[in-house]
Amino acid sequence: MNKPLVGAFLAALLLGAGVAPAVAAEPAQQAQEAAPKAGPEAKAATFAGTVALSNCSGSVVRTPDAAPTDPALVLSNGHCLESGFPGPGEVIVDQPSSRTFTLLNASGSGVGTLKASKIAYGTMTDTDLSLYETTSTYQQIEDSYGIQALELETAHPTAGTAITVASGYWKRTYSCDIDGFVHQLKEGRWTWKDSVRYTPECRTIGGMSGSPVIDDATGKVVAVNNTGNESGQECTDNNPCEVDENGNVTVREGINYAQQTYNMVPCIGAGSKIDLDREGCGLPKP
């Protein structure tokens, strides 16, 4: 996984409150050097609507049918949960949480703090995502900060799509294309299905876990960044491997991945409530 980060005291020294250095990852200066900025050919994806967690990145997201008065949802990774990594087969639903998120504007400046009321959903089974319900509505966020939530795409993305991975933690973006899709992505104890594989330009790092993957053409979220093969090992922690339909294993050192989000849209009903029994919902159940 693109490791979540720890160490609040050093965080304050390095990058300000709520930001921490990586575990066995680059310090701040090296991370800035390693993270290529979007080139002039990239679309104008910004940081508006992204958030910084204490250890990861995330974004305020909504479905196309969300009402302005619905509680706002924050999307990140399952491995970014404050309770730790969910085990294989574990699904968390409606767990109380008081976690806070720093909301960013288009330029990457923090403009306010959002607070969770609960972990609406979290898992590392089949996918790697978390959804927090916040105490603010979409309308309240827009009225207070002028920030609109990022819309979730409802259709499966396609290979060749130009994308931007926007990290609220590092306040940096990576631009590349969707290279393809992985039948099964295995990392340590976890297996993820139909994962997005980036082209090599997206060299994501620790702290970028949970970053929204944005379709440059539409501005919609198509996936959530979650992992990469760091040292060429096969199927170990921080070194995921690809397994095809016939069981053949491929290792792509230096290549990074994300988990699609279109299949969770049908799971979100009125009032931002998660209903895993709704028609079309593709998320694992407890």
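**Entry 1: β12, β13 and their partners**

I looked up the pairing of β12 and β13 in this predicted model: the two strands run antiparallel over three bridges. I take strands as DSSP runs of E with at least two residues and helices as runs of H or I with at least four residues, numbered from the N terminus. I call two strands paired if DSSP finds at least two bridges between them. Pro212 has Val224 of β13 as its bridge partner. The hairpin of β12 and β13 has five residues between the strands. Gly219 in this hairpin takes a positive phi near 75°.

Source notes. I number residues from 1 along each chain as its sequence is written, and I leave out hydrogens and water, so side-chain values use heavy atoms. The model is predicted, so local features need pLDDT of at least 70 and side-chain atom pairs count only at pLDDT 80 or more, while totals for chains, interfaces and linings use all residues.

Next I checked how enclosed β13 is. Eight of the eight residues of β13 (residues 221–228) are buried, so the strand is largely enclosed by the rest of the structure. For burial I use relative accessible area: buried is under 20%, exposed is over 50%, and partly exposed is in between, with a 1.4 Å probe and protein chains only.

β13 also pairs with β16, antiparallel, over five bridges. I noted Asn225 here, whose bridge partner in β16 is Ala258.

**Entry 2**

I moved to β10 (residues 172–187) and β11 (residues 190–198). They pair in the antiparallel sense over eight bridges. Glu187 is bridged to Trp190 of β11. Two residues lie between the strands of this hairpin. Gly188 in the turn has a positive phi of about 55°.

What joins β11 to β16? I find two bridges, with β11 and β16 (residues 256–260) antiparallel. Val196 has Ala258 of β16 as its bridge partner.

**Entry 3: Gln260**

I picked Gln260, which lies in strand β16. Is Gln260 buried or exposed? Gln260 is buried, with a relative accessible area of 5%.

Then I listed polar contacts (N or O atom pairs within 3.5 Å; within protein, one atom must be able to donate a hydrogen and the other to accept it, and residues adjacent in sequence count only if both atoms are side-chain atoms). The side chains of Gln260 and His156 are joined by one of 3.2 Å. The Gln260 side chain also reaches the backbone oxygen of Asp194 at 2.7 Å.

For contacts in general I use heavy atoms within 4.5 Å. Leaving aside neighbours within four places in sequence, Gln260 touches Thr127, His156, Pro157, Phe181, Asp194, Val196, Val222 and Ala223.

**Entry 4: disulfides**

I count four disulfides in the structure, taking each as a pair of cysteine sulfur atoms within 2.5 Å. Counting bonded cysteines along the chain, the pattern is 1-2, 3-4, 5-6, 7-8.

Cys56 and Cys80 have their sulfur atoms 2.1 Å apart. Their link is left-handed, with -85° about the S-S bond. The pair links distant parts of the chain, 24 residues apart. Cys56 sits in the loop between β1 (50–52) and β2 (57–62), Cys80 in the loop between β3 (71–76) and β4 (91–96). Both Cys56 and Cys80 are buried.

Cys176 is joined to Cys202, S to S 2.1 Å. This link is left-handed too, at -100°. Cys176 lies in β10 and Cys202 in the loop between β11 and β12 (212–215), so the pair ties together parts 26 residues apart in sequence. Cys176 is buried at 7% relative accessible area, and Cys202 is buried at 1%.

Cys235 and Cys241 have their sulfur atoms 1.9 Å apart. The link is right-handed, with 95° about the S-S bond. Cys235 is partly exposed at 22%, whereas Cys241 is buried at 0%.

**Entry 5: nonpolar cores**

I define a nonpolar core as buried Ala, Val, Leu, Ile, Met, Phe, Trp, Tyr and Cys residues joined through side-chain atoms within 4.5 Å. The largest has 41 residues. Val60, Leu75, Phe101, Tyr121, Leu131, Leu152 and Leu283 touch the most other members. Elements that each supply at least two residues include β2, α3 (138–145) and β13. The largest share, five residues, comes from β6.

I also listed the contacts of Tyr121, not counting residues up to four places away in sequence; among them are Val91, Leu131, Ile274 and Pro284.

A second, separate core holds 16 residues, including Ile178, Val196, Ile205 and Met208.
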